Amino acid sequence: MAAVAHSVPYSIDARARDLIPKSKVLLVGAGGIGCEVLKNLALSGFRDIEIIDLDTIDVSNLNRQFLFRKEHVGKPKAVVARESILAHNPNVKIKAYHDSILSSDYGLNFFKRFNLVLNALDNRTARNHVNRMCLAADIPLIESGTSGYSGQVELIKKGATQCYECQPKPPQKTFPGCTIRNTPSEPVHCIVWSKHLFNQLFGEDDPDQDVSPDAEDPEAKINGENSVTESGNIKRLSTKQWTQDIEYDPEKLFNKFFSEDINYLLSMENLWKTRTPPKPLSWKDAAALVGDKTKKDENSVRVRDMEVWSIAKCAQVFADSVTTLKKEHANKDFLVWDKDDQPAMDFVAACANIRAYIFSIAQKSKFEIKSIAGNIIPAIATANAMIAGLVVLYAFRLLVEDYEKCPSIYLRQKSVHSKFILAADKQLTKANPVCYVCSPKPFVNVFVNVDKMTVKEFESEVLKNHLNMVAPDVVLDGKGVMVISSEEGETEVNNDKALSQLSIVDGSILKCDDFLQNYELTVAVNQYVPVEKDDPLFKVVANPEELKAKETQNGKENGATSSKDAESDEDDLMVVDEVAEDPQEGSSSKRRKLNNDSDDEDIVEVPL
């Protein structure tokens with residue numbers, strides 16, 4: 001491709017035309033939307049661009065991420081995207097980072113160097129983080145995403161609009177723990193089980209992701225009494241410890257998870273009265289299930305990713321991935337599962353298909369399993385291009401601080417109800433006055449069993465997973481006790497203590513500070529004991545009105561206790577991100593606006 005220099009289009013506002021070459025832009029994400037946005041920026045006259053993406057190029061990206069070619073598979077997206085643009089326009093200065101935006105290397109001072117930030121992300125954690133960094137740096141952020149034929153572009157600007165976290169997002173989809181462990185009936189159940197198995201063998205310890213058969217399953221009871229499997233004949237050991245003791249022997253692991261544990265499930269006779277019982281599969285028997293014996297190129301993309309593997313191949317892939325992951329684990333405390341890490345993805349694909357075979361469930365190709373495990377919805381290249389175009393058009397307006405002309409805009413499928421495919425809000429959406437991120441004094445109520453939840457669980461589940469902090473420091477207000485420190489090892493002695501052991505009780509106030517995000521949050525602790533089986537382990541309430549409503553409905557909500565033993569009903573829920581919520585190219589934060597026959601008076605249809 002011949003190198004071409006591009007000037008600022010004359011159709012752009014004269015003020016913006018002068019600012020575009022001088023502006024510094026950060027693009028977060030180099031996927032489907034990111035490639036389109038980067039191309040648009042380079043063609044529009046932007047001269048100083050930085051792009052960051054942790055991902056590497058997969059063959060499944062090539063149909064729509066046009067800056068990448070087959071020879072780029074396995075290389076960093078940000079680096080290749082930069083090279084592809086520079087080959088077309090060498091006059092642009094582009095700096096690429098193959099890294100996570102969550103890294104402490106990209107703190108407040110990093111964000112302050114930019115005139116505006118453009119998000120093209122595919123997960124909520126990173127979006128929340130960039131949202132907070134842009135608020136702290138007071139830099140305008142353009143949030144974008146697509147989901148199939150739908151999409152959205154939204155401006156986030158401190159003091160002018162709501163932030164990404166002002167409105168609660170739809171809850172995660174959950175599956176009962178007993179379904180995942182004992183009675184899977186869909187491919188997704190097997191995939192979730194396999195991801196949990198990965199974490200048990202190689203990841204961070206999490207009791208909620210135990211893949212062992214659940215003897216407390218209510219359906220396994222006989223006349224309400226203990227079933228034969230609860231007699232104590234089978235000794236429960238830590239799966240990770242046992243795995244280390246056998247030195248990750250693939251054959252022993254295979255026989256335990258796919259033969260011995262299945263036989264254990266079969267002894268729960270009540271489970272199989274109305275279901276097809278599973279078929280135990282040993283390592284030796286799996287090797288004989290070779291399927292189609294036609295000779296194929298095992299290294300071809302089609303055979304490796306698009307075809308359903310035979311059980312014999314699944315067993316071999318299982319063994320190979322365990323061996324590789326064992327070596328990686330030897331140098332780290334734990335591994336984190338990533339759909340783009342080949343050994344990790346191979347492990348989950350192999351385990352999911354073996355378990356599906358055992359339970360007479362349809363097996364899937366590695367590509368299909370990756371789509372489910374990675375919460376991917378097939379992306380539409382045209383939708384990405386339209387959204388990316390809107391992103392850069394809004395960038396022109398933001399440079400001249402013309403915020404009122406940047407209402408949220410939504411892409412939707414054309415239907416019999418409307419000939420329009422773009423709809424925009426009539427005005428900017430103002431910030432939620434009780435948002436626990438962007439309000440003047442962020443405050444939230446947390447309902448938790450202070451006698452059961454440990455400090456480590458509070459940090460990982462409440463502060464990091466739910467409230468999206470990265471490196472929190474927590475002090476017990478009024479007593480000056482350091483509960484959690486972001487400095488490694490400083491408060492490690494507190495990790496396994498219950499909150500109440502550190503005098504954190506009903507009514508306590510915690511001052512939380514995330515230095516990396518420049519974010520402070522006051523947390524009011526409320527004693528809460530789950531009563532019903534499906535009750536969550538903790539609750540977070542930011543809106544005082546919502547809190548009042550809860551108290552009216554249930555007088556025991558705040559500081560409630562029950563004579564019923566809470567532990568007797570611990571049928572935990574396995575959590576899986578809703579597939580439609582954070583697809584590969586992002587998703588709309590206001591899905592109601594994408595309804596084709598919506599009569600919402602707050603939006604206006606935009607003719608093309």
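Biologist: Is arginine 82 buried, partly exposed or exposed?
Modeller: In this predicted model, local features need pLDDT of at least 70 and side-chain atom pairs count only at pLDDT 80 or more, while totals for chains, interfaces and linings use all residues. Residues are numbered from 1 along each chain as its sequence is written, and side-chain values use heavy atoms, with hydrogens and water left out. Arginine 82 lies in helix α3, residues 77-88 (helices are DSSP runs of H or I, at least four residues, numbered from the N terminus). Because buried means under 20% relative accessible area, exposed over 50% and partly exposed in between, with a 1.4 Å probe and protein chains only, the 30% relative accessibility of arginine 82 makes it partly exposed.

Biologist: How far apart in space are arginine 82 and alanine 96?
Modeller: In sequence, arginine 82 and alanine 96 are separated by 14 residues. Taken from C-alpha to C-alpha, their distance in space is 6.5 Å.

Biologist: Which residue does the UniProt annotation "active site" cover, and is that residue buried or exposed?
Modeller: The annotation comes from an unreviewed UniProt entry and covers Cys178; such annotations may be inferred rather than shown by experiment, and positions are given in the numbering used here. Cysteine 178 belongs to helix α6, which spans residues 177-181. Because its relative accessible area is 9%, cysteine 178 is buried.

Biologist: What is the relative accessible area of aspartate 333?
Modeller: Aspartate 333 is placed in the loop that runs between α12 (311-330) and α13 (342-358). Aspartate 333 counts as exposed because its relative accessible area is 72%.

How values were computed
Helix = DSSP H or I, 4+ residues; strand = E, 2+ residues; numbered from the N terminus.
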